[in-house]
Amino acid sequence: MSGPRTPAEDSTNDVVRWAAFSCVLVPVVLLWYGTSFAGATGTALGLAAVTAACRLLLRQSERGATRLRQEELHGPSPRRRGRHHRTGTGAHRGGRHTGGNTPVG
């Protein structure tokens, strides 16, 4: 990543660092207190999987928040105008449709 970091990115990095530290510390403490090596290894793998999933979700949330912030500042990007982001008015854009009972006159 380049450029200055936002406070949200810094806090996310801090959370991920502490989680990684826990992935190492918890199995060591378990071994110290007499848990089997297999049990400590399983715990370490479980903590690593949860940490990876949380990191993925945090990054995805950051990207979504950044995108939302950009849309608020600059409006929606042209490539985001798809099926649900149409502009203009059309036959299916609300209002009452009578189905051909237009007066001829």
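User: How many aromatic pairs does a search of the whole structure find?
Analyst: The search finds 1 aromatic pair. Trp18 and Phe21 form that pair. Keep in mind that this is a predicted model.

User: What's the geometry of Trp18 and Phe21?
Analyst: The arrangement is edge-to-face, with 5.7 Å centre to centre and 85° between the planes.

User: Trp18, buried or exposed?
Analyst: Trp18 is exposed, at a relative accessible area of 59%.

User: Switching to charges. How many salt bridges?
Analyst: There are 2 salt bridges in the structure. One links Asp14 with Arg17, where the closest N and O atoms are 3.2 Å apart. In the other, the side chains of Arg59 and Glu62 meet at 3.6 Å, N to O.

User: How are Asp14 and Arg17 separated in helix α1?
Analyst: They are 3 residues apart in helix α1, so the separation is about one helical turn. Asp14 is partly exposed at 39% relative accessibility, while Arg17 is exposed at 55%.

User: And which helix has Arg59 and Glu62?
Analyst: Those two are in helix α2, residues 37-74. Being 3 residues apart, they are also separated by about one helical turn.

User: Are Arg59 and Glu62 buried or exposed?
Analyst: Both are buried.

Key:
Residues are numbered from 1 along each chain as its sequence is written. This is a predicted model: local features need pLDDT of at least 70, side-chain atom pairs count only at pLDDT 80 or more; totals for chains, interfaces and linings use all residues. Side-chain values use heavy atoms; hydrogens and water are left out. Rings of Phe, Tyr and Trp (its six-membered ring) pair if their centres lie within 6.5 Å; planes under 30 degrees apart count as stacked, over 60 as edge-to-face and the rest as tilted. Buried means under 20% relative accessible area, exposed over 50%, partly exposed in between (1.4 Å probe, protein chains only). A salt bridge is a side-chain nitrogen of Lys or Arg within 4 Å of a carboxyl oxygen of Asp or Glu. Helices (H or I, at least four residues) and strands (E, at least two) are DSSP runs, numbered from the N terminus.
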